[in-house]
Amino acid sequence: MLDFVIQRIEWIEPRANVNNQMVMRLFDIHIIDHLDDILIGKPSKLIEISDYLKPLIDNIPDFKTAIEYVFNYKIFISHAESRFDAYELAELLDVRTCTYCNRNYTNTVIKDDGKKLTRPQFDHYFDKASHPILAVSFYNLIPSCSICNSSIKGTHKMTLNDYTHPYLDNALGDIKFSYKYSHKSKNGLKVKVVTPDPSKAKNTIDAFAIEEVYNSHTGELLDLLRTKQYFSERYLTILKSNLLKDVILSKEDLYRIVFGTEYDETNFVNRPFSKFKSDILKELGII
């Protein structure tokens, strides 16, 4: 990422169409020595830098133009063969489901011949319109699905005091999925998301409409309820003791095979619905 930004800085003079002498002086004073903080600083440091530079960016048009030219997200996410880009970042992070909803896969797929096919979107925790200096900052790029990032969050403004940050907070650990019966739904079931109220977790759940989105998946909930109804809460024990008695399987492997999700909380991000199914299965007494 540093090489990408340094190259863009070097191209300001011939390509950015600004007052080069003034802009380069501002970069020398305010940007160059702080590139590490801008690119890999923790979120609290990022917002400190952005707030400090905001008056200059807002009031000096050429400086704003140069900032947007150097820290150019559209260029960063464009396919590149010889420089670090969004695909390489996504591949290095290897986040397999949406960081916000744990509902959609966000795998990065690159063909053997190098053709780049798909990757997660990157949500800007601090929106890039208000914080252009943070447009390619690592801690401001959150791997997410298109529904959470584009369809639901959009330009919603996030702050560290009011919302959880996926790289800092245990966002999934601060919520609990549950359910209730409801005559308003087609199958009589409603997913509930329980959080402390007020809390950053509650604000985040509301911002991404997690409860509403999960209520489009009450079929998953119904399957879990039927598992208990038909096989009792000893479902996994029965499987292990009878059908799979000669098969050597760990508890985690058995759970993954049966429910298609992860057992260990640290691995929830690897498979969709892992947090949801874990909470419901615990409530039902199956795990």
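This is a predicted model: local features need pLDDT of at least 70, side-chain atom pairs count only at pLDDT 80 or more; totals for chains, interfaces and linings use all residues.
**Helix α1**

Helix α1 covers residues 2-10. Four of its residues, F4, V5, R8 and I9, are buried. They sit on the same side of α1 because they cover an arc of only 135° around the axis. An α-helix has 3.6 residues a turn, so residues three or four places apart point the same way. What do the buried residues of α1 pack against? Their partners are α2 (12-15), α3 (20-30), α4 (35-40), α6 (61-70) and α7 (73-77). The face turned away from the buried side carries D3 and E10, which are exposed.

**Strands β5 and β6**

Strand β5 (residues 176-181) pairs with β6 in the antiparallel sense. The pairing runs over 6 bridges. In one of them, S178 has K192 of β6 as its partner. Strand β6 spans residues 189-194, and its side chains alternate. L189, V191 and V193 point to one face and are buried.

**Cysteines**

How many disulfides are there? The count comes to 0. A disulfide needs two cysteine sulfur atoms within 2.5 Å. The sulfur of C145 has its closest cysteine sulfur in C98, at 3.7 Å, so the two are too far apart for a bond. C148 is in no disulfide either; its nearest cysteine sulfur, that of C145, is 3.7 Å away. Both residues of the table below count as buried.

| Cysteine | Relative accessibility |
|---|---|
| C145 | 5% |
| C148 | 3% |

Notes:
Residues are numbered from 1 along each chain as its sequence is written. Side-chain values use heavy atoms; hydrogens and water are left out. Buried means under 20% relative accessible area, exposed over 50%, partly exposed in between (1.4 Å probe, protein chains only). Helices (H or I, at least four residues) and strands (E, at least two) are DSSP runs, numbered from the N terminus. Two strands pair if DSSP finds at least two bridges between them. The arc is that of the directions from the helix axis to the C-beta atoms. Contact means heavy atoms within 4.5 Å.
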